[in-house]
Amino acid sequence: MVLTGAGISAESGVPTFRDADGLWEGYHVEDVATPEAYDRDPATVLKFYDERRASLAGVVPNPAHEALARLEAAVGEELLVVTQNIDDLHERGGLQRVVHMHGELLKAWCTSCDQRHPWTGTLVDRPACPGCGSTALRPDVVWFGEIPYEMDRIIDALTDAEIFVSIGTSGAVYPAAGFVQHARRHGARATELNLEPSEGSFFFHDSRHGKAGELVPAWVDELLGS
Ligand code: BJW
């Protein structure tokens with residue numbers, strides 16, 4: 001099982017969350033990624049996600065995304081990639097099967113009828129839900145205090161995993177930060193591929209530091225014996 005975070009998309013030009021000054025495009029992540037922030041000031045939160053959705057058009061997958069697709073092509077359903085990222089770079093890099101545990105920028109969720117819809121436009125102008133016509137669409141993303149998606153499937157995969165690899169994540173956000181301990185308790189060998197040691201670096205058998213665009217293709221080559 002592979003867990004990915006913002007660092008895998010960094011070389012594609014997608015900003016990470018916790019950079020040197022602790023700000024994310026000028027915001028503290030907790031101030032825009034909570035249901036409370038959305039209730040207090042929906043226009044700011046919707047505009048913030050509209051801008052990020054629009055910026056996806058200007059980025060492309062990098063060799064790390066492509067290497068995971070190559071691994072999947074070789075091992076098929078033996079591999080499960082779980083991403084915390086809400087971009088679509090894994091899919092555009094060729095990966096067929098990916099779990100978006102923190103949701104997807106290119107989907108809108110109607111809190112009135114509970115349907116999800118593919119979404120490429122803006123939400124700040126409060127468009128009508130294509131399903132029920134109400135104006136209760138929000139980004140289909142998981143904010144602090146909300147429950148990440150597909151947790152049962154993820155826990156099963158962690159429990160069964162022989163190898164757990166964490167790529168480009170700071171290990172600051174739970175439950176993803178605890179996956180390594182779960183996988184290890186159930187016998188997995190754990191490897192970290194990150195620019196620098198993550199907060200949970202000591203939980204891994206092997207922690208390699210550098211850019212995902214270099215480390216991930218090399219790790220896939222190693223695994224496939226090429
Ligand atoms: C590179 C690189 C390159 C850079 N190559 N590497 C106290 C203690 C413990 C937990 C809690 C607590 N208080 C509250 C909690 C829970 C809370 C939490 O974890 N809070 C922390 C702040 C402590 N978590 C939640 O609320 C979650 N829900 C939950 O726990 O529900 C309960 C429950 C769970 C399970 C079952 C049942 C019940 C929800 C968390 C939602 C997080 N949402 C966000 C926003 C999503 C939408 C959006 O994108 O806008 O998700 S926050 C943000 O952080 C985003 C990310 O997915 C997530 C993780 O960030 P990530 O990916 O790690 O990025 P960075 O920037 O932090 O790190 C990047 C790394 O890459 C760095 O290490 C760089 O060095 C590296 N890097 N360039 C390789 N080129």
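This is a predicted model: local features need pLDDT of at least 70, side-chain atom pairs count only at pLDDT 80 or more; totals for chains, interfaces and linings use all residues.
Of its 13 lining residues, Met1, Glu78, Leu79, Glu162 and Ile163 lie nearest the centre. At least two lining residues are supplied by each of α5 (63–75), β7 and α9 (212–224).

The structure holds 1 cavity of 30 Å³ or more, and the volume of the largest cavity is about 110 Å³. A total of 17 residues line this cavity, with Ser166, Gly171, Ala176, Ala177 and Phe204 nearest its centre. Two or more lining residues come from β7 (163–167) and likewise from α8 (179–185). By class, the cavity lining contains 9 nonpolar, 7 polar and 1 charged residues.

In soluble globular proteins, nonpolar side chains tend to be buried together. The largest nonpolar core in the model consists of 23 residues, of which Val45, Tyr49, Leu123, Leu137 and Trp143 touch the most other members. Elements giving two or more residues to this core are α2 (29–32), α3 (35–40), α4 (42–55), β4 (103–110) and β6 (137–141). The largest share, 4 residues, is contributed by α4. Beyond its neighbours within four places in sequence, Leu123 is in contact with Leu46, Asp50, Arg53, Ala108, Leu137, Arg138 and Pro139. Another core, of 19 residues, lies apart from the largest one and includes Val82, Val99, Met151 and Ala190.

Methods: Residues are numbered from 1 along each chain as its sequence is written. Side-chain values use heavy atoms; hydrogens and water are left out. On a 1 Å grid over the protein atoms alone, a cavity is a set of points where a 1.4 Å probe fits but cannot get out, and a pocket is an open set with protein on both sides within 12 Å along at least five of seven lines; lining residues have an atom within 4 Å of a point. Grid points are joined across faces, edges and corners, and a volume is the space filled by probe spheres set on the points. Ala, Val, Leu, Ile, Met, Phe, Trp, Tyr, Cys and Pro count as nonpolar, Asp, Glu, Lys and Arg as charged, and the others, Gly among them, as polar. A nonpolar core is a set of buried Ala, Val, Leu, Ile, Met, Phe, Trp, Tyr and Cys residues joined through side-chain atoms within 4.5 Å. Buried means under 20% relative accessible area, exposed over 50%, partly exposed in between (1.4 Å probe, protein chains only). Contact means heavy atoms within 4.5 Å.
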